[in-house]
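These are my notes from going through the model, one topic at a time. I wrote down what I looked up and what I found.

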Amino acid sequence: MPLASAAALAQDHGNHDQFGNRLVGEVDHVANGFDPHKLLWEFDSGTVSVTSDGRTLREWTITAVDHEFEVAPGIKFAGWSYNGRIPGPTLRCTEGDRLRIRFVNGSTHSHSMHFHGIHAARMDGVPGAGMAEPGGEFIYEFDAKPFGCHLYHCHAIPLKRHIHKGLYGTFIVDPDPARHPLARDVAASRLLGSPENAPWQEMVMVMNAFDTNFDDENEFYAVNSIPFAYFDKPIRIERARPLRIYLVNITEFDPINSFHIHANFFEFYDHGTTLAPTHRTIDTVMMCQAQRGIIEMTFAEHEPGIYMFHAHQSEFAELGWMSHFEVV
Amino acid sequence: MRANWFWLALPAAVLVLIVALLLIWRPLDRLSQQAPPVEEAAVERVNLTPGMISIDVRTDGSEPVVIAQVQVDTAYRLFTAHPLSMGARLGRTRIDIPYSWIDGEAHHIALVTSTGAIIEHSIEVATATPALSGESLALLAIVGLLLGAVPVATGLLAWPAMRSLSPSVMNFLLALTIGLLAFLLIDTIAEGLEAATKTIGRLRGTVLFWVMLAVTTLMLLALGRAKGTAPEGLRLATFIALGIGLHNLGEGLAVGAALATGEAALATFLVIGFTIHNVTEGIGIAVPLADERPRFLQFAGLAALAGLPAIIGTVAGTQAVSPLWIAVCFGVGAGAILQVIIEVAALLARRAGQGQWLSPPVAAGVTAGLGIMYATALLV
């Protein structure tokens, strides 16, 4: 919304207030190096090969960099990022894969990648085990387990600062249908690339926030970093196809965040580590810091239109965590 | 003569050279390269009209300060920004935010600058800024009149009582006037310094306040003694009236601001308090006139000089004046009061004679003056 039109907009609408909860201007996603509308749909399966004992090996190279970006129109934030995007790349693998992540630290501070998964202590990415100094690197290697929707983040000290400046990303382990004979179809629908997975519209939403004046309170809230990004430009979804959202909460300073859908209900898989929903038929889910899960829902019976979703902490919603689906 | 000009031009030329060198060479940049930009801002005025919050922000920084986003009650809002003064670093901006603010409730504004810094301002009690129509101006003028000119004139009515008083009672009354004025001086300084701190640092509101005080005192002292003698009688009464008038301008601002922020109940008490308080000011003006026979018009003039500025203050106060100007006004007012304290003290010293300056009646008078003012100020 250009500056000059705010007053005009106020004039046009008798109850202008209803349209006034916005930011003025537009974020330059190209200059930022990442676009929330693109990274929403992006999964990085790594470079795949087969080990001598016949297992799938997935390899990634992740680089941490100092990354100043436009957190909201006209406001620069001195962030840190993995591979030039916040949140970092969504790493996706299958249960039982061997994973090798080469972590390069191109930043001016010590960083790490601490995975929420099952691995050896020396692969934990914490001070004393798996840190990379500026200019250095570390290779994390472990098996993909348990299946679910997980995350990774920097575990350097001070933790709050290293996380909220942008060093986090989603880590998805798809279930291997062969290991779940009793729920084979459910597992297959979660396995990226399978025929059962093909109809699903899958997206990643990382609930995050930024404290631009470093007072340990957030000024901007969002999913995938840019406030109101999906409010101003709705996420287009086809109602004939089911919807699966990999939802991660990495909001700092506020103990909880939430996801609330309008005019619909969903099934929720806490941590994504089960093949049956842990919550059935809910329209709001509350998550503490680092909690995550999988949302499954359908708009098949709905009429097309704009459907709102947002944090049901009204404060977070009005500070940016407010979004729209455009159901077609 | 030519040589003299040279010695004046030389330091000026050297100064220009130094500034040019600093600007072109920028030797200090290496020290400040990594430093984050320093930003300072103060919300100086808030105007509330139906469906709109308008605020004036004065900004200062090592780089020009840009207001990038605006929150009202921790929600981002659409807004428009208009620069009011184009300073590279020192700036003033009007920000208009369409918002259905709620009458009588508090609203909190946070301005987010381009660096992500936050400038906060609270509207304690939201109420519409009075539009200055003919009717509202007339009402405000009546309030100002009740506040200033009426009580001062009432106090002046006591003048005949002073005509046949013994010298020691007269000295007591002059000392009482000093006490009254000393209270006003302290009060004005406190108000002025409070306003001075509400603007940004580079404008040096506090320094400006003290400078205005000193300059006003010196100028009025020089003016009063322009004829070679210290002011006495009607001239001294006129200076007292001027000092009190400038102080009453400040009282008017307080009442106007109370009216503007919707604290009508407070405004009523302020008017009652100031009215009682200001009757004593009228007595103070009457004291130097004890040995004179002023005409009625001269009395009226004194009452107008001491009282009418309250009207200007009341009207201006409703319009949320910039705190910098308030500090300047109070500085001038305090300076004028200091000048009359000096002149009344000088008169008292001349009257009381050598060694009598700190006699018991004088000490009692000053104490009584301060006491009366404090007691009546409790009503405000």
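**Helix pair in chain B.** I began with helix α4 (residues 149–156) and helix α9 (residues 296–307) of chain B, which pack with their axes 8 Å apart at an angle of about 140°. The axes are lines fitted to C-alpha atoms, for helices over the stretch in contact, and angles run from 0 to 180 degrees between N-to-C directions. That angle makes α4(B) oblique to α9(B); under 35 degrees would count as roughly parallel, over 145 as roughly antiparallel, 65 to 115 as roughly perpendicular, and the rest is oblique.

From α4(B) they are B:Ala149, B:Val150, B:Val152, B:Ala153 and B:Leu156, and from α9(B) they are B:Phe299, B:Leu302, B:Ala303, B:Ala304, B:Ala306 and B:Gly307. Contact here is counted when C-beta atoms, placed from the backbone, lie within 7 Å. By class this contact of α4(B) with α9(B) holds 10 nonpolar residues, 1 polar and no charged ones. The classes are Ala, Val, Leu, Ile, Met, Phe, Trp, Tyr, Cys and Pro as nonpolar, Asp, Glu, Lys and Arg as charged, and the others, Gly among them, as polar.

**Basis of the entries.** The model is predicted, with local features needing pLDDT of at least 70 and side-chain atom pairs counting only at pLDDT 80 or more, while totals for chains, interfaces and linings use all residues. Residues are numbered from 1 along each chain as its sequence is written, and chains are lettered from A and ligands numbered from 1 in the order in which they are written.

**Chain B overall.** I counted 12 helices and 8 strands in chain B; these are DSSP runs numbered from the N terminus, helices being H or I of at least four residues and strands E of at least two. The C-alpha atoms of chain B fill a box of roughly 75 × 70 × 35 Å along the principal axes. Chain B has 380 residues, and 44% of them count as buried. Buried means 20 or more other C-beta atoms within 10 Å of the residue's own, exposed means 12 or fewer, and partly exposed is in between, with C-beta atoms placed from the backbone. Of the contacts in chain B between residues at least 6 apart in sequence, 81% join residues at least 24 apart.

**Sheet in chain B.** I found an open sheet of 4 strands, ordered β4-β3-β7-β8 (chain B), with antiparallel pairing. Two strands pair if DSSP finds at least two bridges between them. β4 (76–77) and β8 (118–123) of chain B each have a single partner strand and stand at the edges, so one side of each is left without a neighbour in the sheet. Strand β3 (residues 67–72) of chain B is joined to β4(B) by 2 bridges in the antiparallel sense. I looked up B:Val70, and its bridge partner in β4(B) is B:Arg77.

**Sheet in chain A.** Here I found an open sheet of 5 strands with mixed pairing, in the order β14-β22-β21-β16-β19 (chain A). β14 (235–237) and β19 (284–288) of chain A are the edge strands, each pairing on one side only. On average, neighbouring strands of this sheet are turned by 25° against each other, direction ignored. Strand β16 (residues 256–261) of chain A runs antiparallel to β19(A), and 5 bridges join them. A:His260 has A:Thr284 as its bridge partner in β19(A).

I checked two cis peptide bonds. One joins A:Ile86 and A:Pro87, with omega about -5°, and A:Pro87 is in the loop between β3 and β4 (88–94) of chain A. Another runs from A:Lys145 to A:Pro146, with omega near -10°, and A:Pro146 lies in the loop between β9 (137–143) and β10 (148–153) of chain A.

I also looked at positive phi values. A:Phe214, not a glycine, has phi near 55°; A:Phe214 is exposed, with 12 other C-beta atoms within 10 Å. A:Thr281 is likewise not a glycine and has a phi of about 55°. A:Thr281 sits in strand β18 (residues 279–282) of chain A and is exposed, with 10 other C-beta atoms within 10 Å.

**Contact between the chains.** Last, I noted that 27 residues from chain A and 21 residues from chain B take part in the contact. α1(A) gives the largest share of the side of chain A that touches chain B, 4 residues. That side of chain A divides into 14 nonpolar, 7 polar and 6 charged residues.

Technical notes
Contact = placed C-beta atoms within 7 Å.
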